[in-house]
Amino acid sequence: MKRDIDLIKLLLREAEGEEPKPDLSGYSEPQILYHYELMEEAGLIVADLVRGGSGQVVGARIQRLTNLGHDFLDASRSDTVWAKFKQAVGKVGGSISIPVAVELMKQLVKTELGL
């Protein structure tokens with residue numbers, strides 16, 4: 001399964017308690033659970049992951065966002081920053097690591113602020 005940065009953003013918004021809740025109807029439960037696992041591995045969330053007999057995540061309870069998770073979410077709130085971020089990621093093949101994504105978005109925010 002491929003990592004979907006848009007889904008990660010939506011799941012972080014949901015975990016933060018955004019109202020109305022983000023629309024996740026375009027994603028399957030296995031996709032969502034896989035991304036919860038990725039998010040925990042990347043240090044974006046603290047979660048209780050329930051694993052089945054094969055080791056695959058079959059359930060998750062998100063306890064909270066981490067500081068890095070808040071940084072990712074805060075930097076991605078601007079539609080302008082998000083569009084520039086997606087354009088930049090597309091130039092390198094469409095996928096980058098979470099820490100690089102957070103740093104890139106922080107830089108884009110600084111640019112938007114004229115810093």
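Predicted model: local features only at pLDDT ≥ 70, side-chain atom pairs only at ≥ 80, totals over all residues.

Reader: How do β1 and β2 run, and how many bridges join them?

Author: Strands β1 (residues 45-51) and β2 (residues 57-65) run antiparallel, with seven bridges between them. Val-50, for one, has Gly-59 in β2 as its bridge partner.

Reader: And what sits between the strands of that hairpin?

Author: Five residues, and Gly-55 takes a positive phi near 90 degrees in this hairpin.

Reader: Now the rings. How many aromatic pairs are there?

Author: The count is two. One of the pairs is Phe-72 with Trp-82, edge-to-face, at 6.4 Å centre to centre and 70 degrees between the planes. Phe-72 belongs to helix α3 (residues 67-76) and Trp-82 to helix α4, so the pair ties together parts 10 residues apart in sequence.

Reader: Are Phe-72 and Trp-82 buried or exposed?

Author: Both are buried. Together with Phe-85 they make up one aromatic cluster.

Reader: What lies over the face of Trp-82?

Author: Lys-9, at 4.2 Å from the ring centre.

Reader: Which of them gives the most?

Author: α4, with four residues.

Reader: What kinds of residues make up the lining?

Author: Four are nonpolar, three polar and four charged.

Technical notes:
Residues numbered from 1 in each chain as written. Heavy atoms only, no water. Pairing = 2+ DSSP bridges. Helix = DSSP H or I, 4+ residues; strand = E, 2+ residues; numbered from the N terminus. Nonpolar A, V, L, I, M, F, W, Y, C, P; charged D, E, K, R; others polar. Phe/Tyr/Trp six-rings, centres within 6.5 Å; stacked < 30°, edge-to-face > 60°. Buried < 20%, exposed > 50% of the residue type's maximum accessible area, 1.4 Å probe, protein only. Lys NZ or Arg CZ within 6 Å of the ring centre and 35° of its normal.
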